[in-house]
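Q: Could you walk me through reading a structure like this one?
A: Gladly. Let's take a look at it together.

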Amino acid sequence: MSVVQNTGETKNWYLPGVFGGLVITFRHLFRNLLNRKKMITLDYPEEKYEYSPRFKGNHVLTVKKDGSLRCTACMLCATNCPAECIKIVAAEHDDPVVEKYPINYEIDILRCVFCGYCEEACPVDAIRLGPEWQTPGLNGSNFVYDIPHLAYRPQLKGGIQSHVDDEERHKAGI
Ligand code: SF4
Ligand code: SF4
């Protein structure tokens, strides 16, 4: 087996490639500066990409008409969660019509795999995966989402109402 070493002369041939690369770079730079509407990049965070409505992002706990949590603390979401990142503490409700409700509901978002099984398991549309995907935080506690964050964070503007209504369910006898 023979090894052919590069000689000093062949190094000259890199220069056309370097200049060719710079020409392409500057061509794109000036084209983008002169026609910003056609740029394929976004000015994040001022501009954000619009994902499909089916996108599975940050969780939302929905609310009833009166603003209280829709969740009945049935534990189906926590039982079906493959990452075991949902923790619920249930309590009896003062209203005899409402069997249970969560006094604590937490999702460890760093363990969540955004599979959507919690949403599918819920019988009363109490949990959904919404369109938000930003999960910033300065320390570990910022990544454990509790009831105030899941149901009443400012982006939700007072809460997202569940499709399942108690009055209609009682009228229907379910
Ligand atoms: S999206 Fe999946 S992993 Fe995340 S909390 Fe729901 S069931 Fe668990
Ligand atoms: S979110 Fe839905 S599935 Fe989970 S405990 Fe509440 S009612 Fe049950």
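A: One definition to start: a residue is buried if 20 or more other C-beta atoms lie within 10 Å of its own. Keep in mind, too, that this is a predicted model.

Q: With that cut-off, how many residues of α1 are buried?
A: The count is zero among its 21 residues, so this helix is hardly covered.

Q: How far apart are the end C-alpha atoms of helix α1, and what span should I expect?
A: The general idea is that an α-helix has 3.6 residues a turn, so residues three or four places apart point the same way. Here, α1 covers residues 14-34, and at 1.5 Å a residue it should span 30 Å. Its end C-alpha atoms are 31 Å apart, which agrees.

Q: How do I read the sheet, and what is the order of its strands?
A: In a regular strand the side chains alternate between the two faces of the sheet. In this model, three strands form an open sheet in the order β2-β3-β5, with antiparallel pairing. The edges are β2 (86-92) and β5 (144-145), each pairing on one side only.

Q: How many bridges join β2 and β3, and how many join β3 and β5?
A: Seven bridges link β2 and β3, and Glu-92 stands opposite Lys-100 in β3. Between β3 (residues 100-108) and β5 there are two bridges; there, Asp-108 has Val-144 in β5 as its bridge partner.

Q: Which residues come nearest to ligand 1?
A: Of the 13 residues around ligand 1, those coming nearest are Cys-81, Cys-112, Cys-115, Tyr-117 and Cys-118.

Key:
Residues numbered from 1 in each chain as written. Chains lettered and ligands numbered in written order. Predicted model: local features only at pLDDT ≥ 70, side-chain atom pairs only at ≥ 80, totals over all residues. Near = placed C-beta within 6 Å. Helix = DSSP H or I, 4+ residues; strand = E, 2+ residues; numbered from the N terminus. Expected span 1.5 Å × (residues − 1). Buried ≥ 20, exposed ≤ 12 C-beta atoms within 10 Å, placed from the backbone. Pairing = 2+ DSSP bridges.
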